[in-house]
Amino acid sequence: MTAGTLHVVATPIGNLDDLSPRAVATLRAAAAICCEDTRHSRPLLARHGIDKPLVALHEHNEDAIAARLVERLLAGEDLALVSDAGTPLVSDPGYRLVRAAREAGVRVSPVPGACAAIAALSVAGLPSDRFCFEGFLPAKPAARRARLAELATEPRTLVFYESAHRIEEMLADARMAFGDARRAALARELTKLFETVLDGDLAMLHERACNDADQRRGEFVVIVAGVGDAAAARLAEGRRLYARLVEHLPPSQAAKLAAELSGAPRKALYVSEDRGLKTED
Ligand code: SAM
């Protein structure tokens with residue numbers, strides 16, 4: 001018996017016409033379609049005349065269900081995997097199923113298409129030859145700030161996903177960690193009716209999000225330029241000064257002084273001796 005194939009199929013991130021003819025053909029030919037939320041995928045499938053059994057596969061049941069799906073694949077069925085929007089596995093479920101299928105020797109084949117990170121990168125006007133996909137930052141402020149501080153010296157362009165209810169806080173924290181002047185872009189509602197792509201420095205983008213309610217609605221990709229050579233040198237100097245000053249001063253005073261002397265963003269200076277990054281809260 002020849003095993004079937006697991007087709008990993010990208011779906012639109014907004015505009016429903018962004019489903020490729022090959023994606024439609026693959027979904028039509030599959031024995032069943034695994035989707036995150038069957039209620040969400042059904043309208044897209046119906047629009048393309050696809051009427052197949054749907055299997056719900058989400059982060060809470062993926063481990064449990066992957067083994068059964070691999071059995072079906074081994075028995076010769078072709079299955080398709082989609083997520084609510086864009087490319088499965090990119091900040092979406094599917095990794096465990098793909099790994100289980102590959103471990104069982106099942107062929108896993110992509111049907112590429114929309115991905116919000118790549119779509120945003122393609123219009124941001126920031127260096128895109130090397131980039132670092134960070135997905136969603138931690139929801140808790142202290143963990144989010146620590147992660148951003150760790151990324152302050154990253155030379156590659158950074159790509160983040162963010163939701164409407166945290167975009168303002170995220171931009172405020174990014175501004176603190178990377179400095180007001182760092183170049184960035186805010187890609188909102190890509191391929192949808194109210195698509196906007198703003199670019200400028202982080203101070204400008206944060207102020208825009210604070211003052212314009214539209215810029216706090218919808219779905220966002222935030223792209224931040226990597227640290228340049230001059231900024232990297234300021235950060236290195238700031239961290240060196242902080243390490244010396246914190247031996248004699250409370251951390252907040254040491255960071256304030258080191259930031260003033262070096263020109264580096266204050267929040268990026270809280271590097272602890274071991275590896276973690278300290279934040280104020
Ligand atoms: N798998 C998807 C992909 O390939 O892009 C990403 C899924 S992730 C759960 C959803 C996040 O992607 C949103 O919170 C937002 O940050 C980003 N996103 C999805 N669609 C978007 C769009 N049309 N415009 C801007 N960002 C979008």
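Reader: Which residue in E4 does Val-8 stand opposite?

Author: Val-8 stands opposite Leu-81 in E4. This is a predicted model, in which local features need pLDDT of at least 70, side-chain atom pairs count only at pLDDT 80 or more, and totals for chains, interfaces and linings use all residues. Residues are numbered from 1 along each chain as its sequence is written, and side-chain values use heavy atoms, with hydrogens and water left out.

Reader: How many bridges do E1 and E4 have?

Author: Strand E4 (residues 79-81) pairs with E1 in the parallel sense over three bridges. Strands (E, at least two residues) and helices (H or I, at least four) are DSSP runs, numbered from the N terminus. Two strands pair if DSSP finds at least two bridges between them.

Reader: What about E5, and which residue there is the partner of Val-8?

Author: Five bridges connect E1 with the parallel strand E5 (residues 107-111). The bridge partner of Val-8 in E5 is Pro-110.

Reader: Why is E1 largely enclosed?

Author: Strand E1 (residues 5-9) is largely enclosed by the rest of the structure because five of its five residues are buried. Buried means under 20% relative accessible area, exposed over 50%, and partly exposed in between (1.4 Å probe, protein chains only).

Reader: Changing topic, which strands pair with E2?

Author: E2 pairs with E4 in the parallel sense over three bridges, and three bridges also join E2 to the parallel strand E3 (residues 54-56). In E3, Ala-56 is the bridge partner of Cys-35.

Reader: How does the chain cross from E2 to E3?

Author: The chain passes through helix H2 (residues 38-47), and this β-α-β crossover is right-handed: with the strands pointing away from the viewer, the path from the first strand over the helix to the second runs clockwise.
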